[in-house]
Each structure stands twice: as structure tokens, then as C-alpha cells.
Amino acid sequence: MHTSSHTVLYDPDGLIEAGLPLVREPYECLVKAVLAWTGEDTLAIRDYEQIGLQLTGHARAVASDVRRRANQLPKSSGPRALADVVLREAEGRLSTTLEGTVRCVQNRARLVRALYERLDRLEAALATRAV
């Protein structure tokens, strides 16, 4: 007898999350605040870890969006090639262990900022291509 009440979805192309827009403004504010930090660690390690987790999760979501947008461009296009470079860098940075330090959290914030910059450029390239 099978009693499971949940369903496992198979979505290899990421179409389910493609329909969900990124909530950008709060994360851009968080990135700006984190990058403005100077000096010594003033928060508890757990606080830095929580902020790092938030930025990590959002970086993964933005990277997924960048990947989706890049795949809409021809393989030989410059914007797609640059997106591939940024995505490889993002994968490497996101694979490192999260530490409860200012430096680690600021590195995640820089990654989110770089991914948004690439996303904006891809969207501009797609818009000019559509015209």
C-alpha cells in the first residue's frame, strides 16, 4: 500500500521556476548593505551564516535565470559566451563552504551583483535580437 501524499516533478529544462519572477529589490538592497560593511566582524557568526545562506540561495536562482536567458541566444554570440564564463565562475564560488565571516558574505554579495549585471546584459541582447 502506497501512502505518500507528495508528487515528485521532473523538470530538466527548469520551466517551472522560469515562470516565477525574481524578487530583485530586497536582494539588491542586501547586497548594497553587505558591500558597505567595513572593519571587523560586528555580528554573530550565525548572523553572517544566515545572510550568506540568503545570498547563496538567491545567487543560485539568478544563475538559473542567467542560464535560461543565455540558452535563448546562439552559441556563437558574445553575450552567451560571457554568460557561460560568469556561470562557471559562479558554480566554483557557490561550491565553496559558506563561512560565518564578513569576507565570505561579501564575496557572495559580489557574486549576486555580477549575476544581475550579466542578466541585464542578456536581457538587452535578447531585446535587440527580437527587434
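What share of the contacts in the chain with a separation of 6 or more do residues 24 or more positions apart account for? They account for 75% of them, where contact means heavy atoms within 4.5 Å. Before I go on, please keep in mind that this is a predicted model, in which local features need a pLDDT of at least 70 and side-chain atom pairs count only at pLDDT 80 or more, while totals for chains, interfaces and linings use all residues. Residues are numbered from 1 along each chain as its sequence is written, and side-chain values use heavy atoms, with hydrogens and water left out.

Let me begin with confidence, that is, with pLDDT, the predictor's confidence in each residue on a scale from 0 to 100. The chain averages 87, and 83% of the residues score at least 70. Among the elements, helix 2, residues 25-35, has the highest mean pLDDT at 96, whereas helix 1, residues 15-18, has the lowest at 56. Where pLDDT is low, the predicted coordinates should not be read in detail.

Now to the overall layout. The secondary structure comes to 5 helices and 0 strands, with helices (H or I, at least four residues) and strands (E, at least two) taken as DSSP runs and numbered from the N terminus. Read along the sequence, this gives the pattern α-α-α-α-α. Of the 131 residues, 31% count as buried; buried means under 20% relative accessible area, exposed means over 50%, and partly exposed lies in between, with a 1.4 Å probe and protein chains only.

Which residues touch the most other members of the largest nonpolar core? In this core of 27 residues, they are Leu55, Val66 and Leu115, and by a nonpolar core I mean a set of buried Ala, Val, Leu, Ile, Met, Phe, Trp, Tyr and Cys residues joined through side-chain atoms within 4.5 Å. Helix 2, helix 3, helix 4 and helix 5 are the elements that give two or more residues to this core, and the largest share, 11 residues, comes from helix 5. If we leave aside neighbours within four places in sequence, valine 66 is in contact with Ala83, Leu87, Leu115, Arg118, Leu119 and Leu122.

An α-helix has 3.6 residues a turn, so residues three or four places apart point the same way. As for its length, helix 4 covers residues 78-94, and its 17 residues reach 24 Å from the first C-alpha to the last, close to the 24 Å expected, where the expected span is 1.5 Å times one less than the number of residues.

Serine 77 caps the N-terminal end of helix 4, with a side-chain oxygen 3.3 Å from the backbone nitrogen of arginine 80. The side chain of serine 77 also reaches the backbone oxygen of proline 74 at 3.0 Å.

Isoleucine 51 is found in helix 3 and is buried, with a relative accessible area of 17%. Not counting residues up to four places away in sequence, isoleucine 51 touches Leu30, Val34, Trp37, Leu43 and Val105. Arginine 46 also has its place in helix 3, but arginine 46 is exposed, with a relative accessible area of 63%. Valine 102 lies in helix 5 and is buried at 8%; leaving aside neighbours within four places, valine 102 is in contact with Trp37, Asp41 and Tyr48. The C-alpha atoms of valine 102 and leucine 43 are separated by 8.8 Å, although the two residues are 59 residues apart along the chain.

Definitions and conventions:
Polar contact = N/O pair within 3.5 Å; in protein donor to acceptor, adjacent residues only side chain to side chain.
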